[in-house]
Amino acid sequence: MFSNLAEKLQNTLKQLRGKGKLNEKDVDAAMRQIKLALLEADVNFKVVKEFVAAIRERAVGQEVMSSLTPGQQVVKIVNEEMTRLMGETQSSLTFSGKGPTAVMVVGLQGSGKTTTVVKLASHLRRGGKNPLVVAADIYRPGAVKQLQVLSESVGEICYSNEEADPVDICREGLKLAERENHDPVIFDTAGRLHIDEDMMSEIAAIKKAVNPHEVLLVVDAMTGQDAVNAALSFNETVGLSGVILTKLDGDTRGGAALSVRAVTGCPVKFVGVGEKMEALEPFYPDRMASRILGMGDVLSLIEKAEASVDQNKAREMEQKLRKQQFTLDDFKDQLGQLRSMGSLDEILNMIPGGGNIPKEVRQMSLNEDSFTRVEAIIGSMTKQEKQDPSLLNSSRRRRIAMGSGTTVQDVNRLLNQFGQMQKMFKQMDSFDKKGGMKKLKKGKKGFPF
Ligand SMILES: Nc1nc2c(ncn2[C@@H]2O[C@H](COP(=O)(O)OP(=O)(O)O)[C@@H](O)[C@H]2O)c(=O)[nH]1
Ligand SMILES: [Mg+2]
């Protein structure tokens with residue numbers, strides 16, 4: 001995610017951190033680089049200007065210049081300002097006190113509305129809600145069917161009526177939700193290729209009819225400032241309560257994520273990170289800033305793990321990681337669970353310093369074949385060997401290779417990967433659960449880059 005921007009910012013900050021003393025010239029040079037990196041990432045130019053000015057003002061202040069670790073102080077300031085830029089804290093959905101919560105999802109065609117509606121319903125169901133989705137896009141061929149099929153694929157309930165007009169469909173959907181105790185009810189409205197009056201007046205009419213608690217605009221993050229401009233005009237015309245950015249899994253430059261809040265005043269509430277129905281995450285400005293600045297994202301990782309693995313197991317694993325008692329058996333378990341969490345590369349980017357993890361580990365394939373091999377190799381070890389891999393001299397490695405039907409190279413590779421992973425978890429351990437900032441603030445540990 002935002003790899004180009006992240007790399008440039010991280011390099012600039014790395015240079016700053018390396019300096020024992022800072023003068024204004026150093027700060028100015030760094031600010032120029034940050035400015036360029038942000039502009040290249042298609043961040044709104046006014047936002048860039050204000051952002052850089054705010055950082056500069058704090059960075060040349062007494063507090064930083066006289067500090068013993070001025071470089072780190074600047075990194076901390078960049079992190080704080082970037083978090084503030086994206087809205088400071090997470091903005092969650094507003095739920096109605098009584099009766100179903102009405103959530104309208106609006107946006108241009110192809111931005112990801114229909115997909116997001118089902119993702120959102122599924123996300124909320126996992127949180128204990130009983131949603132209903134309503135198909136109000138009757139214009140785009142196949143749109144109703146698409147919503148029905150996606151809903152069915154994850155066990156969501158979809159209301160549709162291809163004979164009625166969108167306002168009536170929404171009214172009926174809301175009534176159905178009231179009757180059958182669904183909450184929330186999520187409306188998938190029709191988009192257009194461009195912003196036009198027809199679409200806006202239809203959205204306004206639906207809004208009047210269902211009196212929604214949330215009007216969420218879905219925008220494609222790949223479109224950069226166009227997404228931000230769409231948000232501006234939707235907000236002016238129909239009023240929005242939040243934005244959902246989709247396609248953050250692609251090679252998005254970051255412009256939309258970094259400017260939409262500052263330009264429109266609307267908080268980003270969720271982000272779409274893939275085509276699968278699980279690929280929706282609440283948006284946390286602080287975690288996103290840490291991710292962009294290479295400070296990892298332990299919290300998201302833990303949440304992701306908790307969503308896809310057995311909760312007790314996840315807690316047990318976390319304890320082990322923290323106590324650094326991670327064994328080869330755990331490694332095997334973890335690999336099995338990682339397979340259900342997505343690509344290893346993606347997961348590593350959420351870990352502090354994860355960006356520095358060597359290629360061998362990043363590209364470790366998690367396909368059935370290699371997993372079976374891992375299982376066989378670890379299965380051929382004695383209990384003692386699993387507890388203490390340092391026992392594994394060359395004759396033991398040969399024995400294990402024979403026993404598992406693999407080669408000594410396979411065994412070596414696995415042990416090497418395990419070693420790298422252990423190292424990575426040690427880094428992770430030096431981070432506090434709260435995004436890692438606590439210890440950093442106390443100045444006990446350095447930044448992991
Ligand atoms: N990679 C990726 N694709 C997405 C995401 N959200 C939606 N899409 C894809 O974008 C396309 C358009 O989505 P759709 O929901 O039909 O958009 P709509 O016209 O606004 O309803 C589909 O191919 C979706 O699979 C996302 O977060 N990541
Ligand atoms: Mg659609």
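Quick housekeeping. This is a predicted model, where local features need pLDDT of at least 70 and side-chain atom pairs count only at pLDDT 80 or more, while totals for chains, interfaces and linings use all residues. Residues are numbered from 1 along each chain as its sequence is written, chains are lettered from A and ligands numbered from 1 in the order in which they are written, and side-chain values use heavy atoms, with hydrogens and water left out.

A salt bridge here is a side-chain nitrogen of Lys or Arg within 4 Å of a carboxyl oxygen of Asp or Glu. By that rule we get 19 salt bridges. Helices (H or I, at least four residues) and strands (E, at least two) are DSSP runs, numbered from the N terminus.

Next one: K8 and E40, with N to O at 2.5 Å. K8 is in helix α1 (residues 3-17) and E40 in helix α2 (residues 24-40), 32 residues apart, so to speak a link between distant parts of the chain. Both ends are partly exposed: K8 at 32% relative accessibility, E40 at 43%.

Now helix α5 (residues 70-85), where E81 and R84 are three residues apart, about one helical turn. They form a salt bridge, with the closest N and O atoms 2.9 Å apart. Here E81 is buried at 8%, while R84 is partly exposed at 46%. Both also belong to a salt-bridge network with R58, K76 and E80.

On to ligand 1. There are 18 residues around it, and G110, K113, T115, R140 and D249 come nearest; near means a heavy atom within 4 Å. Helix α6 (residues 113-126) gives the most to that shell, with four residues.

What do the side chains do? An N or O atom in the side chain of T114 is 2.8 Å from an oxygen of ligand 1. For Q146, a polar side-chain atom lies 2.9 Å from a ligand oxygen, and for K119 that distance is 3.3 Å. Taken alone, ligand 1 exposes 580 Å², and the protein buries 82% of that, by the Shrake-Rupley method with a 1.4 Å probe.

Key. Buried means under 20% relative accessible area, exposed over 50%, partly exposed in between (1.4 Å probe, protein chains only). A polar contact is a pair of N or O atoms within 3.5 Å; within protein, one must be able to donate a hydrogen and the other to accept it, and residues adjacent in sequence count only if both atoms are side-chain atoms.
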